[in-house]
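Dear colleague,

I am handing over the structure we spoke of, and I would be glad if you could look through it alongside the notes below.

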Amino acid sequence: MLNGVGNEGGLAVGKAIKKCAMIGAGVMGAAIAAQLANVGIETILLDIVPPELTDDDREKGLTKESREFRNKLAQGGLSRALKSKPASFYVPESARLIAIGNMEDDLGWLRDADWIIEAVVERLEIKKSVFEKIEGVLRPGTIVTSNTSGISAKALCEGRSKYFRGHFAITHFFNPPRYMKLLEVVPGPDTLPGVIQILAETCEKSLGKGIVYTKDTPNFVANRIGAYSMLCVLRTMMGLGLTIEAVDELTGPVIGNPKSASFRTADLVGLDTLLHVTGNVYEGAPSDEEREMFRAPDLIKQMIERNLLGEKTKQGFYKKTQDSEGNRVILSLDYNTLEYSPQEEVRLASLEAAKGISGASGRIKSLYYADDIAGQFTFHTLTKGLIYAANRIPEIADDIVNVDNAMKWGFGRRMGPFETWDAIGVVKSVGKMREAGYQIPVWVQEMLESGKESFYKREAGKLYFYDLTSGEYEEAPVRPGVILLPSLKDREKEVAGNRGASLIDIGDGVACLEFHTKMNAIGDDIVNMVIKSADTVSRDFQGLVIANHADNFSVGANLSLVLFTAQEEEWDELDWMVKTFQDALMRLKYMGRPVVAAPAGMALGGGCEICLVADRVRYAAETYMGLVEVGVGLIPAGGGTKELLLRNTEHLFEVQKGGIYQKQIELMPYVARAFETIALAKVSTSGPEAVKLGYLRPTDKMTVNRDLLIEDARKTVLAMNMEGYTPPRALEEIRVAGESTFAMIKLALWALHEQGYATDHDVTVATKVGYVLCGGNVVADTKVSEQYLLDLEREAFLSLCGHPKTQARIQHTLTTGKPLRN
């Protein structure tokens, strides 16, 4: 977060961005402020003073001079951010870093800010008036940016001083700012290079953003191409007579896009916002060859006239309601009548065939070349989108990498347009496009004529992209601090591996254990590689990182295998499976080298247990961690129950005098905390919340930008060795709470059952959890070993596996993806 490169125009060398100011407490402004606070940056949140008192204000006894009234809009924005779903804050406590105020009384606060971000309404004159006020209090070295989604940087800073223009740029965050990786950075005509470097450094490392450098053109990159694609989808749908729900099936996960697909996304964004974005291009890009595509369709105009704006008005392309029995149903819009009706089942032959293909690349290729109506839709919408994206270079960005990244990071897509074009085959698809009468962009034809048949290629572990300027392949930039495991494999750095996991040399004497099963579910292959990795690293390396690039670190045990083995009553086999997993994790815990787990996404069940036995955890901000076995009628049995007990009691101490214990802290409240966490299957909604729940320690550290996670974990291993790593010793004297605390847990469960909050089987499962946490049938303060607790875990797990209601829960979860209460 260095605020300074040289001392151009007053930029202070080495000055860190410690304080930010956000002007505008609307949805985006408050959410950006929340993300700044999430990463520890003090933030000022200002908005205007409301024009008039409301009746509610008067009832509270407020006047126009009351601070509560004058800060009302800023406070409202902060309150909405605290209640937002998905959550804007990692933990609510982060909101303490945000100070609220107003633009009339507190403008002077901006003198303390290192970075001021404007996020007011999308009207040029209003934004310019805000900048005029900011310039009156601007101190040397402060950077000013706008979060505009499409207004020109040149227009925004017109009339401002040379100093202001030099320190001004656009930083376009995508909604919701906590979750969306994309940040478009748009320099103005006079922006100093050092300013852009500061913004990139801060936003990548501290805020976790992926930076796309764009030209100062209408709607920049992502919204320019995204809006075109949306309107193309809408017009093609109406031309072919497809339903809204059918199109969302064709443009969703099957082709690597989010579940919200096209029209659910439009509802989330808001049709009024969509109209604003498309109108911005229509008015601002008169030379665009596809300008007419951006003219507002009559359907959108009619929907806006009827206030069918999407989520904000509770109805858009979809409408959430209830049926006669009170069940929640989602209706879809008939765009011919503008009436809502139950969604129709989507039956398209090529769509069903594509769903059976592994990987988005194969599925989209299958649909693109299909002959039915689904194939026609995919061919025309995708072709138009690819050609449009190609024709925008170098107008909106200098290269295909920035365009692909913008579409992936801004819209949550698996592939950008040029990666998609490679997936369907450039040569073959261009031939099909020509047959259909489409005009191929000149530079794409030149690329093919030169013998280059793809936009990207991979050689010797490096990725190359086709560069329009040189007409050659250039190495794709990889910023320092990014470790790419597939690239290392290509360079023959894999030390060992099987179908489920690999051990990779990531440099400086550190190895990385990578899982690569479906959802990284833990089965024999992963367990065997854990054991193999422990043996290899303890002999040949200085430490181990456990990490991968998948969406989820690990969702836990392979439940299908557990259910099958239990149903076959292969109890010895099941006992061996659990014991082997326990032994593998104990081997990791005590292998004599630093082990650093680096989870991201879901780390559930066994995935959480792996993190619990690591010496340290370097966690991604978006880590969703929990011991969730109770949800399927089981208990954590890979050591998770034991480890959570240790996490909750390891800080307790005993005072000795003359070899005699004088004082022992009561275990019951700490055991109760561990019991509640496991019995309620609590899952963190962020890495910091995992610390609050006790899954992680305060000494574990967070990486906000996941791209840097493996390198940060590697550095943690190296630092531990540099500090003098001392391997932990097996615990043989763990004080347990015993029968008295277990009796209190059983009493609490009885009360919950009597009040209807717990089913019979809930009580059965939770009783097993309590039994293990209390150390079984022993007196209070008995000392037991880790192995003793592991044996209790395994015994409880096996007994529950044989219960018909547990088997029903597992089967229901595997079938529906949802828990069953029985």
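What follows covers confidence, salt bridges and the cavity, in that order.

Please keep in mind that this is a predicted model. The mean pLDDT of the protein chain is 94, with 97% of its residues reaching 70 or more. Over residues 1-9, however, the pLDDT is below 50, although this stretch has 39 contacts in the model beyond near neighbours in sequence. Where pLDDT is low, the predicted coordinates should not be read in detail.

Searching the whole structure gives 54 salt bridges. One of them joins the side chains of K72 and D57 at 3.1 Å, N to O; since K72 belongs to helix α4 (residues 72-83) and D57 to helix α2 (residues 55-59), the pair ties together parts that are 15 residues apart in sequence. K72 is partly exposed at 31% relative accessible area, whereas D57, at 3%, is buried.

A salt bridge also forms between R414 and D551, at 2.5 Å from N to O, and it links distant parts of the chain, 137 residues apart, with R414 in the loop between α17 and α18 and D551 in the loop between β20 and α23. Here R414 is exposed, with a relative accessible area of 53%, while D551 is partly exposed at 45%.

Finally, the structure holds 1 cavity of 30 Å³ or more, and the largest cavity has a volume of about 40 Å³. Its lining divides into 7 nonpolar residues, 1 polar and 1 charged, and includes P86, S88, R178 and Y179.

Best regards

Notes. Residues numbered from 1 in each chain as written. Predicted model: local features only at pLDDT ≥ 70, side-chain atom pairs only at ≥ 80, totals over all residues. Heavy atoms only, no water. 1 Å grid on protein atoms, 1.4 Å probe; cavity = no way out; pocket = protein on both sides within 12 Å on 5 of 7 lines; lining within 4 Å. Points joined across faces, edges and corners; volume = space filled by probe spheres on them. Nonpolar A, V, L, I, M, F, W, Y, C, P; charged D, E, K, R; others polar. pLDDT = per-residue confidence, 0-100. Contact = heavy atoms within 4.5 Å. Salt bridge = Lys/Arg side-chain N within 4 Å of Asp/Glu carboxyl O. Helix = DSSP H or I, 4+ residues; strand = E, 2+ residues; numbered from the N terminus. Buried < 20%, exposed > 50% of the residue type's maximum accessible area, 1.4 Å probe, protein only.
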